[in-house]
Amino acid sequence: MHITPVIRLGTVSDAEVLADLARRTFVDTYAHLNTPEDTDHYIRTHFDVKQVAAELADPDHVFLLLYAAAQLAGFAQLIRKPVPPAVPAGALNLSRYYLDRPWLGKGLAQPLLDAAKQSAMAQGASHLWLTVWEKNPRAIAYYQKSGFTSAGLIPFTVGQDVQTDHLLVLALS
Ligand SMILES: CC(C)(COP(=O)(O)OP(=O)(O)OC[C@H]1O[C@@H](n2cnc3c(N)ncnc32)[C@H](O)[C@@H]1OP(=O)(O)O)[C@@H](O)C(=O)NCCC(=O)NCCS
């Protein structure tokens, strides 16, 4: 079945539904590989509704919400922030790029990435950069087939656990 998604900018009024989706996707993707304490800590710190609302209100953050069949199916979050040394100075961070589990493998990742690229270019960025956990093979495969290249490894902390992420970069054009 071909699905035509609708993508729009997120606003503060989306905080609750977005926090729900982010929590659910984080648990679906990572909970089986982390302790319950580390998962809970990450979710409380990053996906509390107040925290998500604050980020939605922050001009350095852009949220792109993807709807499929009238449901929120995923989102991308772009952040303007200092880049790691291995990343070009004009790069924007693709900080989160989440599809809800029922929508994996349904061709929705590409339109969401296209929208993130368009938004980043409109903000004057030369590249996107992101980090992806070494134990997330599906996302790594997706980023590879989408043209991201490796810029090394970088630590990422979940609760008490210091993990190893791949640092990936994509030139925009
Ligand atoms: C990352 C994400 C947006 C990609 O969207 P998607 O719909 O899964 O993407 P696709 O299905 O087009 O591509 C995934 C690829 O990984 C492959 N894949 C699936 N499981 C895999 C595995 N265990 N190991 C290696 N490759 C795998 C798929 O076959 C597919 O490749 P193909 O198109 O050549 O067959 C989505 O998986 C997602 O939201 N995951 C949960 C949250 C997440 O991990 N976000 C990224 C955080 S950095």
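Visitor: Which backbone polar atom lies 2.8 Å from an oxygen atom of the ligand?

Guide: A polar contact is a pair of N or O atoms within 3.5 Å; within protein, one must be able to donate a hydrogen and the other to accept it, and residues adjacent in sequence count only if both atoms are side-chain atoms. Here the backbone atom belongs to Gly105. The model is predicted, with local features needing pLDDT of at least 70 and side-chain atom pairs pLDDT 80 or more, while totals for chains, interfaces and linings use all residues. Residues are numbered from 1 along each chain as its sequence is written, and side-chain values use heavy atoms, without hydrogens and water.

Visitor: What lies 2.9 Å from a nitrogen atom of the ligand?

Guide: That is a polar backbone atom of Tyr97.

Visitor: Which residues around the ligand come nearest?

Guide: There are 19 residues around the ligand (a heavy atom within 4 Å). Leu99, Gly105, Asn136, Arg138 and Lys145 come nearest.

Visitor: How do the axes of helix α1 and helix α2 cross?

Guide: Helices are DSSP runs (H or I, at least four residues), numbered from the N terminus. Axes are fitted to C-alpha atoms over the stretch in contact, and angles run from 0 to 180 degrees between N-to-C directions. The axes of α1 (residues 15–30) and α2 (residues 36–46) come within 10 Å and cross at roughly 155°. The two helices are therefore roughly antiparallel (over 145 degrees). Arg23, Phe26 and Val27 of α1 make the contact (heavy atoms within 4.5 Å) with Thr39, Tyr42 and Ile43 of α2.

Visitor: At what angle do α1 and helix α3 pack?

Guide: The angle between α1 and α3 (residues 49–57) is about 115°, and their axes are 9 Å apart. Ala15, Glu16, Leu18 and Ala19 in α1 meet Val49, Val52, Ala53 and Leu56 in α3.

Methods: Angles under 35 degrees count as roughly parallel, over 145 as roughly antiparallel, 65 to 115 as roughly perpendicular and the rest as oblique.
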